Amino acid sequence: MTGELARPPASLPAMDGPVPASAAPLLALRARRLERLRATVESPGPAKPVPPVPAFAGPPRAWSLARALGGRVLRGTNGSTVVLEATGPLALPADRLVRLPDPIDPRHPLVCLDTETTGLGTGAGTVPFLVGLGTWDGESFTVRQFVLPDHPDEPAFLDAVAAAIPASGWLVSYNGRSFDWPLLVTRYRLHRQGPPAHAGHLDLLPIARQVWRHRLPDARLASVEAGVCGIRRSDDLPGALIPERYFAYLRTARGELLRDVLRHNRQDVASLARLLLVLAQGLDPDSPGRSMPPGDLSGLGSAYVRRRRYDEALCYFDGALARAGEAPGSLIRGVPLAERVTVDRARLLCRLGRHAEASSDWRSIAQAGGRLAALGWVQLAKHVEHRERSPARAYEMAMQAAAVARRERASGSPQRWVERDLERRLPRLRGRLATARSDGRATRPPRLDCALADGGPVEARALHDHAGCEGRQVQCSRIGSPRLAPRPQDEGGDGPCRQEGVTCPGPVHDPPCWHGWQTPHPEAARIAPQVHAPLLPPRDHELLMVPLQHEVQARAPGAEILVTGARQVRPPHQG
Amino acid sequence: MRVYAPLGTAQALDRYLAEPDVTAGITARRTLPARPPDLCPFPEWLAPPLRGALERRSFRGLYRHQVEALDALRAGEDIAVVTPTASGKSLCYHLPVLQAVFEDPSARALYLFPTKALSQDQLAEVRDLSALAGMDLAAAVYDGDTPAPMRSVVRSAGQVVVTNPDMLHAAILPHHTKWFQLFQQLRYVVVDEAHTYRGVFGSHVANVLRRLARICAHHGSSPRIICCSATIGNPKQLAETLTGRSMRVIDRNGAPSGEKHVVVVRPPVIDERTGTRAGAGGFARRAALSFLRAGRQTIVFGRSRVAVELLLTGLREALRTGRGPLDRVRGYRGGYLPGERRRIEAGLRSGEILGVVSTNALELGIDIGRLDAAVLAGYPGTIAGTWQQIGRAGRRQEVSAAILVAGAGPVDQYVASHPEYLFRSSPEEARLDPDNLHVLLGHLRAATFEIPFAAGERFGAVPADDLLAFLAEEGHVRQADDGRWYWASENFPASEISLRVAASENVVIIDTGGPRPRVIGEVDLFAARTLVHENAIYLHESRQFHVDRLDWEERKAYVRPVDVEHYTQAELAVTLKPLETFAESALAAGGRAHGEVMVSSLATIYKKLRLETNENLGWGRIHLPEIELHTTAYWLAVDPAAVAGWRRAELDVALVGSGRALQTVASVLLMSDPRDLGMVAQVRSPHLERPVVYLYEAVPGGVGLSPRLYERHAELVRGARELIAGCPCRDGCPACVGPRSETGEDARGLARRLLALLKVERASPSRAA
């Protein structure tokens, strides 16, 4: 817009406008033309006769394009399409693909699909001008390419593509689910048609990301093809240049400009076939994954986890662990292969409820002392605290995790999530230990009672302790009033802690927690008269903050309430 | 202990007006009589469930304008509904849409609202209504906040899609093939708050609607258009220009209203010599207090974000010492987070919130129910805006009150001394130019991207071939052998156009005072330079925050809460440079011209002002980049020979004084928002090498105000001279040439002499350029 606004300062030549001197004549020319346009816009006048369509000059583009590319012309009712065909041998044990994380029904014919387009957007103005389809006939693989000779030929082009995709066909693409196919659908919609029917669509991009990405610089098809199939393209046309090639062809009608694009597309389609072959070989039912390196097996395992196919996932994790020795020094996301796979397996075992096996995996990770040791200790601490009910041992393990976290921070790669976890876990465990000691046996915090201004008995419920300020958030409720669910902000360590300038990390709401501890205490009625009034306004619930010492005087924040005796009630059997 | 007691609105108003300095300042007091409802029976064809839903809401019938709207749509007309705030305008579109969906569940409707907040508001409304009718309506908002998984559902199944023009332009129309279910079955397009679509923004929206119509035609639908607008001077023209269709205007309001008192108050002069008047803020605050203490729901409109925060601070302070409903008074403005705003709106509807201090953000039709009183701290700048703000007060049965407290600005003073301007003139006209070449070309590109153009096809009223041929030379469009024009570029043309003037980018304001950083608000890029520059005191809900750091690249301002006695006010230095003259002609002793200019603004310094007294406590520098505005201007150049004997200071005073008078008259003459025109006076223009007064348009590219000023020059100068001559002040006041303290001595005389030089045109039509 601003470019169009920038007309030269014609009537004020001496002025230093934003227009460089050399560009001025050009812009002046454009400005004059814009002025003429302005006249047509401001006084449209009667409708002008439709300008005659430019006379047809020379042979149709389709013919010259077909000649230049060595293809044939397919004439439709609404234009023409240029088709090229190439066939080569490529045996694919397609029946094995039924074992893929996203399985393919082997009865359907596979159709490898790749398009070249006039841009990366999927709006209505982006045109796929080349569609490559790869199909098998026995052990031979045929790539058929459909080229759009000119914009007006699009209906015929789309018809030809639709005719080449069987309704029972199973599409195989690379990022085709989110790009190529929606874009083709857009074109059919634009011409008021439905898209071609097909039975299914396998997008290899997510699989490639899971299985191979760990050993490749990126997940582009060319990189995967190079890294997995060992094929390096020479003289390949970079994808970014393809739209401009097509526009150049449209301007000049020189079909040979598209030769490189067609080769690029043919190779892409062939790559899809080759990647399928690699996958099929890896899915050998007799010895799954024998042909794949252990790192890929671990990725495949994760892919199965995502599809909730846990048996296969465990099988591939086990396979990867068993053969981890084949790839010494191989790292997955910066961690040795065996360690990474053990972690993945332990997580899966947890998910399956096989906690004993999981904890032995966590233990081996923790004791190995690698980068993930802190994770191992934290998981063990959880296990010991919640399943074995031993806060003391859990605390020791959390301390071990803290030691690893300190080491990692010292070595310049802090593990922030572990640190964050421990910031809450350690104080909480300490609190549990302390109350366990003071009560002799109970692992729950002491209870506090106080009374209402109108004399009604209340029950105080400790919501959580603020380790930072030695304070305790207490909810006082009229006995018999409905239970108030703790609000998130009440649990977040807000309120008095912050006012006192102490950052309090707040509680961990991880079960088991004392939030569920709530029946009215038989002692409350007996104790209430001893408490000085007035305490609380006659509301049903009040949140207070009281120091951890039991006999206290405290002012509730923000309200004129004097709390003169939030006091601990000993369990009845202790008198 | 309570020192206030509930009172009626009328008594609270009287109590305020009885205060001596207020009584002296009243320049107008009008009573708008109560109006009974004009009810019509439900149309017979209305679907029984809908009728049932309305009856459950205890409707005994529909208001006249609602019935007229329904009948006109039924007859296949496009309509423009122009009735005041809270007159049941939205039923004029909800009902026909629900009726259409009832008759045919595959029918679709598209709602366009200028803001996201309105979208949410009306979505809730239409869902409520359909639920009451027992209909299973798929209605959803589609905007930038819609989560990705929801989007495809809305695309394929949304019967009512609620969105904004920006989203329609950039995300829906270019992807119309994914929306084919909508566009095949589109029955209604609702354009609400149509009066906001004026100027360049309106021109853009008109072109977006042209693109929409093209796409509907392609997919085989021809929806009816329902425009709704606040009261403006030219609703029919606006709606027709905007939509390119002929519209039936429905403006006979059938909704009832109680008696309403409208009072204009001018704070008295407190310094005779300089003509300084008491601030509008204090008077507005007292008015609001009177209503709030009486327990009346009150809205206070401030003119800027800072003004709103200062008013809120003052109100709360007064309520604290006087024991008033302190917690029930809230602020509301752009920059508050959406959730906070929703809570305030709900609080106003439920009555839980008694008072709200707002910018014109609440001018638009957000549903906050009906309030008892509206207090306008300063003239909002337009008659239409004034009535909209006044319209926020108005119960169906009871008495309501609205008080306009005039500020010190020249336009405010003009309105205060000529209240008939407010009560008698028709509201401003909303202007837009859909055929603005720059706007048109941009949207033509986008339209070509969406669907190729056939030879001879028109875009709006304009034949497209010549324009497309022009675009083809730039290489993004090509004409193929079949004569059609195709998009032939990698670019995504819709992304190259931004519909709104204001930068869509925001600076988020992050409070670092708490245990973890927290976003407390946002501010647009342009305002960020003066609101959240480093060391600024940013006010939010009358709390003070100090801006520790403004990360301009990352668009983040880091603040922490403080409690200080001052606030800050930043100053913008504006420089202007002409780029091209479109037309010029000679005057008695000078020349007039209009053309293209570049206005650069730079935030230079900020002042620290004491909260209560505005006493200056110090200042600091602001280091932020310059922002450029490319626009059109009208300017008057004075022959240097004619003012040869003048002292420089005199010339300066005369230029600024006549510039102010011209600006005032121009805003009245063109019925435009005074803020649409900026003024720059240069004693010796570095570009024209003579004294010049510029009136430039505040909108990038301009909306055609400057050529009109150029054409109506004679009227303009005559008006300015009359304004100065008729002013009762002694030697310059804010209502004519500006307050004396700023422009020095005898500003009136000097300005009149200068205007005389610019008055008569010579016999020869033009000078050599």
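A salt bridge, as I use the term here, is a side-chain nitrogen of Lys or Arg within 4 Å of a carboxyl oxygen of Asp or Glu. With that cut-off I searched the whole structure, which is a predicted model, and I found 55 salt bridges over all chains.

**Entry 1: chain A as a whole**

I began with chain A, where I counted 19 helices and 16 strands. Of its 575 residues, 49% count as buried, and the chain exposes about 27200 Å², of which carbon and sulfur atoms supply 53%. I then looked at contacts in chain A with a separation of 6 or more, and I noted that residues 24 or more positions apart account for 65% of them.

**Entry 2: a salt-bridge network in chain A**

Which residues are linked in a network of salt bridges? I listed Glu225(A), Arg233(A), Asp236(A), Asp268(A) and Arg274(A) as its members. Within this group I looked up the pair Arg233(A) and Glu225(A), whose side chains meet in a salt bridge at 3.0 Å, N to O. Glu225(A) has a relative accessible area of 1% and is therefore buried, and Arg233(A), with 18%, is buried as well, because the limit for that class is under 20%.

**Entry 3: a pair within helix H16**

Next I turned to Arg425(A), which forms a salt bridge with Asp421(A), and I noted that the closest N and O atoms are 2.8 Å apart. The two residues are separated by about one helical turn, because they lie 4 residues apart in helix H16 (residues 416-439) of chain A. I recorded Arg425(A) as buried, with a relative accessible area of 5%, and Asp421(A) as buried too, with 14%.

**Entry 4: a pair in chain B**

For chain B I looked up Asp551(B), which forms a salt bridge with Arg549(B), the closest N and O atoms being 3.8 Å apart. Are the two partners buried or partly exposed? Asp551(B) counts as buried at 18% relative accessibility, whereas Arg549(B) is partly exposed, with a relative accessible area of 40%.

**Entry 5: Asp296(A) and its neighbours**

I found Asp296(A) in helix H10 (residues 294-306) of chain A, and it counts as buried, because its relative accessibility is 1%. What does Asp296(A) touch, once residues up to four places away in sequence are not counted? I listed Val211(A), Trp212(A), His214(A) and Arg215(A).

**Entry 6: a nonpolar patch on chain B**

On the surface I noted a nonpolar patch formed by Phe526(B), Leu572(B) and Val574(B), which together have about 240 Å² of accessible area. Of these residues I followed up Leu572(B), which has its place in strand S28 (residues 566-587) of chain B. Leu572(B) is partly exposed, with a relative accessible area of 37%.

**Entry 7: cysteines**

Finally I looked for disulfides. A disulfide is a covalent bond between the sulfur atoms of two cysteines. My search of the whole structure found 0 disulfides over all chains.

Technical notes. Residues numbered from 1 in each chain as written. Chains lettered and ligands numbered in written order. Predicted model: local features only at pLDDT ≥ 70, side-chain atom pairs only at ≥ 80, totals over all residues. Heavy atoms only, no water. Buried < 20%, exposed > 50% of the residue type's maximum accessible area, 1.4 Å probe, protein only. Contact = heavy atoms within 4.5 Å. Patch = residues over 30% accessible without salt bridge, like charges linked within 9 Å, V, L, I, M, F, W, Y side chains within 5 Å. Areas by Shrake-Rupley, 256 points an atom, 1.4 Å probe, with all protein chains shown as cover. Disulfide = S-S within 2.5 Å.
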